[in-house]
Amino acid sequence: MISAASTLLLDGGSCCGLMGGWGWLGMTAGWLTMVGVIALVVWAIRGPSTAPTREASALEILAARYAGGEISEEDYEKSRSVLLGSGPSRETSHREVGA
């Protein structure tokens, strides 16, 4: 009788021990729940990750400007040839502008 009373006093008066009968399984589930909640809070604050966006190349920008009607076909062809390296060099075009 004394041993049963001392057992109830030592484990907090419950019938199943300090962990309520779940043991290490319950303890692990509790830790995983806390880690999950913390991860959700961090994710909510930072926002979902997005894939890094690639910047458009000069040729893509040039083609988009031509398609949108911002530049003429002559300007498009001249700029395209300069970008591809088969047009007039920058030094030549600067001399022409400054002259």
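Of the 99 residues in the protein chain, buried ones make up 5%; here buried means under 20% relative accessible area, exposed means over 50%, and partly exposed is in between (1.4 Å probe, protein chains only). The chain exposes about 8700 Å², and carbon and sulfur atoms supply 65% of that area. Keep in mind that this is a predicted model, where local features need pLDDT of at least 70 and side-chain atom pairs count only at pLDDT 80 or more, while totals for chains, interfaces and linings use all residues. Residues are numbered from 1 along each chain as its sequence is written, and side-chain values use heavy atoms, with hydrogens and water left out.

Now follow the chain from its start.

Next, look for aromatic rings. The whole structure holds 1 aromatic pair. Its partners are Tyr66 and Tyr76, which are stacked, at 4.6 Å centre to centre with 15° between the planes (ring centres of Phe, Tyr or the six-membered ring of Trp lie within 6.5 Å; planes under 30 degrees apart are stacked, over 60 edge-to-face, the rest tilted). Because Tyr66 sits in helix H3 (residues 58-67) and Tyr76 in helix H4 (residues 73-84), the pair ties together parts 10 residues apart in sequence. Tyr76 is buried at 14%, whereas Tyr66 is partly exposed at 32%.

Finally, there is 1 salt bridge in the whole structure (a side-chain nitrogen of Lys or Arg within 4 Å of a carboxyl oxygen of Asp or Glu). Glu70 forms this bridge with Arg65, their closest N and O atoms being 3.3 Å apart. Glu70 is exposed at 57% relative accessibility, and Arg65 is partly exposed at 36%.

Conventions. Helix = DSSP H or I, 4+ residues; strand = E, 2+ residues; numbered from the N terminus. Areas by Shrake-Rupley, 256 points an atom, 1.4 Å probe, with all protein chains shown as cover.
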